[in-house]
Amino acid sequence: MATWKKLSLLLSIIPLLLLLAYGFKTNPREVPSPLVGRQAPPFALSMFDGSSKSLEALRGKPVVLNFWASWCFPACYEEAPHLEAAWQIYRDQGVTVIGVDIQDRDTDAKAFIERHKLSFPNGPDLQGKITIDYGVYGVPETFFIRKDGTIHYKHVGALDAKLLKAKIEEML
């Protein structure tokens, strides 16, 4: 009887181990987001400068929503200048770039913003709700949200200028 229980336990663990092996082997950049093509989850975020932003208030404008952290090196450091450049180029066309700082200390996040001279709105996701709602599992991750509030594209990893330009112009 004990042998039968041990065998049953072993057989029940094998599918879990296979699933874990598959998950560790899969490149997260290749996993399609179920959010693409759907309405972006609503959010309200208090910014480091004391202002606030909500997705609802940005309806009718394309939004680049970037999740980052100061400890995310080198990817977040590589993409920060590209995000700032995109903000400077496209803000007059109604595009909004928003940075969501996750799992970070305020002083480190503010130092990151200062170091990269980021002028687009950035705020901490203190409770992690936005991060969870968007299914973010690492940084950096960026969501391109159309004027109608649907998610156009999700990018995992550091953005470059070419990709940023292409995805923003697809939304204009």
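A residue counts as buried when its relative accessible area is under 20%. Phe 67 has a relative accessible area of 0%, so Phe 67 is buried. Keep that cut-off in mind as we walk through this structure, which is a predicted model.

**An aromatic cluster**

Ring pairs join Phe 43, Phe 67, Tyr 134 and Phe 143 into a cluster. A search of the whole structure turns up eight aromatic pairs. Two of them involve Tyr 134, and the table sets them out.

| Pair | Centre to centre | Angle between planes | Geometry |
|---|---|---|---|
| Phe 43 and Tyr 134 | 6.3 Å | 70 degrees | edge-to-face |
| Phe 67 and Tyr 134 | 5.8 Å | 50 degrees | tilted |

Each pair links distant parts of the chain. Phe 43 sits in the loop between helix H1 (2-25) and strand S1 (44-46), while Tyr 134 belongs to the loop between helix H4 (129-133) and S6, 91 residues apart. Phe 67 lies in strand S3, and 67 residues separate Phe 67 from Tyr 134.

Is Tyr 134 buried or exposed? Its relative accessibility is 1%, and the cut-off for buried is under 20%, so Tyr 134 counts as buried. Phe 43 is buried as well.

**Helix H5 and its covered face**

Next comes helix H5, which spans residues 161-171. Its buried residues are Leu 163, Leu 164, Lys 167, Ile 168 and Met 171.

What covers them includes strand S3 (63-68), helix H2 (75-90), strand S6 (141-145) and strand S7 (151-156).

Two more details are worth a look here. Lys 167, one of the buried residues of H5, lies over the face of Tyr 153, at 4.2 Å from the ring centre.

**The disulfide**

A disulfide is a covalent bond between the sulfur atoms of two cysteines. How many does this structure hold? There is one disulfide. Cys 72 and Cys 76 form it, with their sulfur atoms 2.3 Å apart. The torsion about their S-S bond is about 90 degrees, so the disulfide is right-handed. Both Cys 72 and Cys 76 are buried.

How values were computed:
Residues numbered from 1 in each chain as written. Predicted model: local features only at pLDDT ≥ 70, side-chain atom pairs only at ≥ 80, totals over all residues. Heavy atoms only, no water. Buried < 20%, exposed > 50% of the residue type's maximum accessible area, 1.4 Å probe, protein only. Helix = DSSP H or I, 4+ residues; strand = E, 2+ residues; numbered from the N terminus. Contact = heavy atoms within 4.5 Å. Disulfide = S-S within 2.5 Å. Phe/Tyr/Trp six-rings, centres within 6.5 Å; stacked < 30°, edge-to-face > 60°. Lys NZ or Arg CZ within 6 Å of the ring centre and 35° of its normal.
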